[in-house]
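Visitor: Please take me closely through one part of this model, and then show me how the parts around it are arranged.

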Amino acid sequence: MLQAIADIVRLNGAEKHFGAVRALNGVDFHVGAGECVGLVGHNGAGKSTLMHMVAGTLRPDGGQIAVRGNAETSYSVARALELGIRCVFQELSLCPNLSVAENTRINHPSLTGLGWRRRAADLIRAKLDEIFPDHGISADDIAGDLSIGRRQMVEVARAFTLTREPLHLVILDEPTSSLDAHTAGQLLSFVRRFVGQGGSCILISHVLGEVLQNADRIVVMRDGKVVAADAASAFDRDRLVAAMGGAEGHRKAPVEARKAEAGALRVRARPARQEDGKELVARAGEIIGLAGLAGHGQTDLLLAIFSAAARARAGIEVTAPVALVAGDRQSDGIFAQWSIAQNIGIRSLARLRNGLLISPRREAELAEFWKQKIGIRTPDMNNNIFSLSGGNQQKALFARALGSDAEIVLMDDPMRGVDIGTKLEVYDLVREEAAKGRTFLWYTTETEELDNCDHVYVFKNGRIVANLRRDELTEEKIIQSSFGDAA
Amino acid sequence: MASLRMLLEKPWIWSFAGALVVWLATIAFTGGYGAGGMVTAALSLAVFTVIVGVGQMFVITLGPGNVDLSLPANIGLASAVAMKVMGGSDSMIVVGLLAALACGAAIGAINYLLIWALRIPPIIATLSASFIIQSVDISYGRGLQIKPPPGFADFTNLQVLGIPVLAMLTVVFTVGAALALQRMIYGRSVLAIGQNIRAAWLAGVNVGRVRFLTYTLCGALGGIDGALLAGYFRGANVDIGNEYLLASIAVVVIGGTSVAGGKANVPGVWGAGLFLVLLLTMLNTFGVSAGVRLVLTGLIIVGVITAAGGEKAVR
């Protein structure tokens with residue numbers, strides 16, 4: 001049966017080394033026409049490296065690659081595009097200073113002559129309308145001004161626009177990581193339509209439900225190898241998690257009744273655009289969720305709380321030191337020139353001092369403590385932060401915040417592109433720290449994560465529209481509030 | 001062998017190598033004559049570039065667009081202020097130095113106020129400030145040709161075993177600056193801001209205060225430099241700082257500090273300062289005319305920056 005499907009792309013024995021690290025260790029992988037292949041595995045399992053090879057951005061150190069049955073000897077990005085293979089990478093790649101239309105033009109050299117900007121705008125607008133109805137993005141918007149969720153929508157839509165080059169296979173690397181449940185659903189149903197019309201997709205996601213429901217076949221990677229590959233119907237969640245290794249089975253967040261007595265007030269905040277009396281209140285030891293569709297004022301409120309900690313602001317009361325875990329880590333979190341240890345230490349410099357000078361020993365101790373505690377996978381914390389995979393970079397940002405003196409931790413959708421094993425570890429850590437009295441304000445686009453929260457504020461158009469206790473929390477309720485007309 | 005490789009990976013090693021090559025070329029030309037004297041002279045003159053170079057290094061490290069173009073005017077004004085306050089009297093030396101320091105720091109603080117309050121790009125703010133400073137200097141110092149107090153002039157020219165005392169003190173100062181850059185909260189904050197100002201803010205760095213301190217520090221170093229130059233050249237004058245516009249930026253870049261910000265080192269400022277002075281001496285020794293000398297200096301700086309600045313982008 002499988003043989004009957006013509007291969008779009010096939011890799012045999014692909015290998016890749018980065019120094020001593022074997023990112024890929026002899027991987028066989030193929031995608032057939034009209035097939036959606038789900039690719040799962042922990043951070044650092046080699047998924048992204050494999051996809052870089054399919055897209056032509058990385059050359060294998062060993063093995064062959066064939067497209068539509070023809071061996072490709074000098075495979076490259078240009079060749080991949082010529083053959084109709086495109087990729088939406090996890091690290092968003094729009095030029096921030098260009099408009100949405102101009103960014104679209106970059107992928108379509110054939111849009112030349114007078115009026116190219118208008119034609120590019122029409123092209124991307126039509127595709128955005130098709131995939132994400134009511135997307136609210138204008139083709140004239142400058143990419144850098146869009147929220148990370150909207151940038152991701154543009155990026156995905158752009159990959160599906162069509163001019164001269166053919167389009168056979170689109171690689172979607174964590175396409176829903178910055179999207180809320182509603183938009184993610186729109187994207188996934190579009191993917192199914194695309195596949196139904198004979199296109200092919202590779203879907204990488206840490207949200208296992210997405211992969212199970214939308215892929216035809218699932219490939220599981222671990223430590224640079226393919227460890228399982230089978231029809232999607234042959235997998236269930238537990239088998240997937242077991243194949244990935246690590247986290248044992250699916251654990252539902254323990255909902256044991258937490259102590260009901262209220263702790264000291266930590267944060268009281270009213271969003272700038274709130275017209276009624278609703279406000280966010282967080283007390284010591286609480287985990288508070290911020291939900292709703294992406295980009296509806298959750299991040300703005302977190303940032304307002306963050307600045308209110310340094311300088312008093314009207315409508316916001318903060319009574320303890322604050323730290324923030326960025327979700328958009330490239331622009332809000334990472335210091336690219338620095339080592340992992342320095343990236344962790346920056347929030348705690350005052351405590352790392354010995355007299356006037358920062359003590360290298362204390363800085364190393366802090367880094368080593370969190371390396372163990374949160375499981376950052378690296379041989380040496382003095383390596384550059386970019387030697388880590390995306391999920392491990394995110395762990396370093398968690399370590400920065402949790403290793404600091406902050407009693408209030410703001411989390412700006414920090415689990416983007418983080419594998420399930422890491423997530424479960426971090427959830428445990430967050431609950432453990434909350435039990436010690438820390439307060440967490442947690443904006444997330446993944447409804448599942450809200451299970452960890454004591455109560456949840458739902459946002460719409462920059463306002464709080466609902467305040468749900470944990471026991472009344474359901475996905476339907478959140479979606480209902482997000483779309484409701486309640487002011 | 002391993003330590004040699006480590007040494008070669010230091011970004012500042014190339015500026016010292018350049019200085020050594022230029023020195024060797026010159027004494028090869030003179031047949032070994034004046035080798036020691038050349039080093040002494042180079043140290044004496046490099047001091048002035050190093051002092052402002054360190055200030056400029058901190059400013060440039062704040063990130064793209066940050067630069068202090070008011071240094072020449074600042075040096076000119078501070079030299080006049082220092083000489084006027086000292087008034088030729090040895091007892092007023094310390095007061096005069098403090099006055100120059102305060103004058104420079106005030107200029108730096110005003111620079112940052114322009115940048116912060118009016119949101120003017122630093123390049124424009126410091127350049128326009130420098131016109132104002134220069135005008136003040138012209139009206140303040142008109143017709144004055146105040147000599148430094150003899151004690152101060154002697155001090156700036158003092159040597160021990162052929163090494164200028166000023167150079168020794170500057171070495172102490174630069175060691176302090178290197179510690180501040182790598183091991184103090186201030187330096188870490190500057191480096192963080194230079195890499196990603198938004199991430200620095202979100203990591204709890206007090207961005208406004210650190211930028212203010214940096215511009216003020218750079219101004220103060222320009223001020224003290226003006227006073228020392230007036231002592232060394234025996235008199236203040238409006239144009240005394242002119243060559244330090246290009247020189248202060250050149251030593252930073254040649255020394256291996258990233259123009260894109262976030263990455264800096266202090267030793268390179270020394271190496272590059274020596275390199276620039278020795279380069280001039282070499283061209284003088286070769287008997288090159290002034291015009292050609294300027295052209296060659298410019299070309300060499302461009303060449304060095306191209307060769308040393310071919311930094312691989314991260315990812």
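Guide: The buried residues of H9(B) pack against helix H12 (349–352) and strand E17 (357–358) of chain A, and also against helix H3 (35–61), H8, H10 and helix H11 (207–232) of chain B. This is a predicted model, in which local features need pLDDT of at least 70 and side-chain atom pairs count only at pLDDT 80 or more, while totals for chains, interfaces and linings use all residues. Residues are numbered from 1 along each chain as its sequence is written, while chains are lettered from A and ligands numbered from 1 in the order in which they are written.

A few terms are needed at the outset. Helices (H or I, at least four residues) and strands (E, at least two) are DSSP runs, numbered from the N terminus. A residue is buried if 20 or more other C-beta atoms lie within 10 Å of its own, exposed if 12 or fewer, and partly exposed in between, with C-beta atoms placed from the backbone. Two residues are in contact if their C-beta atoms, placed in that way, lie within 7 Å.

In H9(B), 9 of the 11 residues are buried, so this helix is largely enclosed by the rest of the structure. The buried residues include Gly187(B), Arg188(B), Val190(B), Leu191(B) and Ile193(B).

H9(B) also takes part in the meeting of the two chains. There, 17 residues of chain B are in contact with 20 residues of chain A. On the side of chain B that touches chain A, the elements giving two or more residues are helix H8 (165–183), helix H9 (185–195) and helix H10 (197–202) of chain B. H9(B) supplies the largest share of that side, 4 residues. By type, this side of chain B holds 8 nonpolar, 4 polar and 5 charged residues. In this division Ala, Val, Leu, Ile, Met, Phe, Trp, Tyr, Cys and Pro count as nonpolar, Asp, Glu, Lys and Arg as charged, and the others, Gly among them, as polar.

H11(B), one of the neighbours of H9(B), has a further contact to examine. Its axis comes within 8 Å of that of helix H7 (residues 150–157) of chain B, and the two cross at roughly 95°. H7(B) is therefore roughly perpendicular to H11(B). Axes are lines fitted to C-alpha atoms, for helices over the stretch in contact, and angles run from 0 to 180 degrees between N-to-C directions. Angles under 35 degrees count as roughly parallel, over 145 as roughly antiparallel, 65 to 115 as roughly perpendicular and the rest as oblique. From H7(B), Phe152(B), Ala153(B), Phe155(B), Thr156(B) and Asn157(B) meet Leu228(B), Gly231(B) and Tyr232(B) of H11(B). These residues comprise 5 nonpolar, 3 polar and no charged.

Consider next chain B as a whole. It contains 14 helices and 2 strands. Its radius of gyration is 19 Å, close to the 20 Å that the globule rule gives for 315 residues, so chain B is as compact as a globular protein of that length. The radius is taken over C-alpha atoms, and the rule is 2.2 Å times the number of residues to the power 0.38. Of the 315 residues in chain B, 50% are buried. Among contacts in chain B with a separation of 6 or more, 79% join residues 24 or more positions apart. Ile138(B), found in helix H6 (residues 122–141) of chain B, is partly exposed, with 13 other C-beta atoms within 10 Å. The C-alpha atoms of Ile138(B) and Val238(B) are separated by 6.8 Å, although these residues are 100 residues apart along the chain.

Two strands pair if DSSP finds at least two bridges between them. Strand E3 (residues 36–40) and strand E9 (residues 217–222) of chain A run parallel and are joined by 4 bridges. One residue of this pair, Val40(A), has Val220(A) in E9(A) as its bridge partner.
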